[in-house]
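Please open the structure in your viewer and keep the selection tool at hand.

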Amino acid sequence: GMALAFLVTAIAGFAPTFYLKGLFGSPTLSNLLLVHGLVMSTWIALLVVQTALVELGRTDLHRRLGVAGVGVAVLLVVIGAAAALGAAQRGFSPAPQVTPLMFLAIPLVDLLVFSILVGTAVAKRRKSATHKRLMLLATVSILTPAVARLPIDTLKQVGMPAFFGVTIACVLLVVAIDTIRHRRLHPAFGWGAALVIAAVPARIALAQSDAWVSVAGRLVALIS
């Protein structure tokens with residue numbers, strides 16, 4: 001159910017600029033952004049398929065598809081980083097008070113958290129209880145861009161605090177439901193949720209530091 005909710009969120013958020021862009025007259029996307037959207041979509045669709053396979057008892061197919069999933073995860077990180085650097089190079093920023101170099105910390109930390117969660121999930125693939133929870137959290141951790149594009153005026157008016165707030169709320173909801181069902185907090189949800197939540201203020205603090213702005217400038221210069 002949560003996997004499907006994530007899929008709906010992604011489609012609703014990116015329909016005007018990606019999935020249904022022809023109907024909305026949105027600007028043409030670069031090849032990099034098209035591939036980025038395709039890979040992100042593949043990852044979320046893969047989560048739905050993988051959970052369905054387990055529910056159907058087809059763990060053999062789940063394991064085979066998991067090999068491809070690792071490749072998709074690697075592509076997601078590499079292409080996501082390239083897209084983030086490209087946006088910074090173009091001068092993209094969601095708010096006047098946030099410079100492009102400052103904002104670059106947001107997607108790159110997203111990708112770092114995603115990498116940690118997916119990497120650990122793959123390492124713990126034989127422990128299904130841990131594996132599935134970390135994969136779910138990894139997907140939640142990269143949903144903020146979709147949340148930011150949902151056609152909800154209240155969210156857009158509040159801005160980034162609301163976008164991160166919805167992401168954190170999703171994390172807490174998933175953990176709460178699981179804890180109530182199993183009458184205990186699973187360790188993977190404990191440290192994994194803590195990582196996703198703690199990364200929010202951490203990236204904001206990082207973005208505001210002079211050291212980060214210097215490093216971000218050098219990263220962008222590398223692709224110039």
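Begin by selecting Ala12, which is found in helix H1; helices here are DSSP runs of H or I with at least four residues, numbered from the N terminus. The model is a predicted one, in which local features need pLDDT of at least 70 and side-chain atom pairs count only at pLDDT 80 or more, while totals for chains, interfaces and linings use all residues. Residues are numbered from 1 along each chain as its sequence is written, and side-chain values use heavy atoms, with hydrogens and water left out.

Is Ala12 buried or exposed, or does it lie in between? Ala12 is partly exposed, with a relative accessible area of 33%; buried means under 20%, exposed over 50%, and partly exposed in between, using a 1.4 Å probe and protein chains only.

Ala12 and Leu150 are 138 residues apart along the chain, and their C-alpha atoms are separated by 6.1 Å. Leaving aside neighbours within four places in sequence, Ala12 is in contact with Arg149, Leu150 and Pro151, where contact means heavy atoms within 4.5 Å.

Now select Ile11, Tyr19, Leu20, Leu23 and Phe24, which form a nonpolar patch on the surface with about 510 Å² of accessible area together. Patches are made of residues with over 30% relative accessible area and no salt bridge, with nonpolar side chains (Val, Leu, Ile, Met, Phe, Trp, Tyr) joined within 5 Å and like charges within 9 Å. A salt bridge is a side-chain nitrogen of Lys or Arg within 4 Å of a carboxyl oxygen of Asp or Glu. Accessible areas come from the Shrake-Rupley method with a 1.4 Å probe, and for residues only the protein chains shown count as cover. Helix H1 (2–19) and helix H2 (21–24) each supply at least two residues of this patch. Leu23 lies in helix H2 and is exposed, at a relative accessible area of 71%.

For a charged region, select Arg63, Arg64, Arg125 and Arg126, which form a positive surface patch. Lys and Arg count as positive, and the place of a charge is taken as CZ in the case of Arg. Arg126 is situated in the loop between helix H6 (105–123) and helix H7 (128–141), and Arg126 is exposed, with a relative accessible area of 78%.

Finally, select Arg183, in the loop between helix H10 (160–182) and helix H11 (187–207). Its phi is near 60°, a positive value in a residue other than glycine. Arg183 counts as exposed, at 79% relative accessibility.
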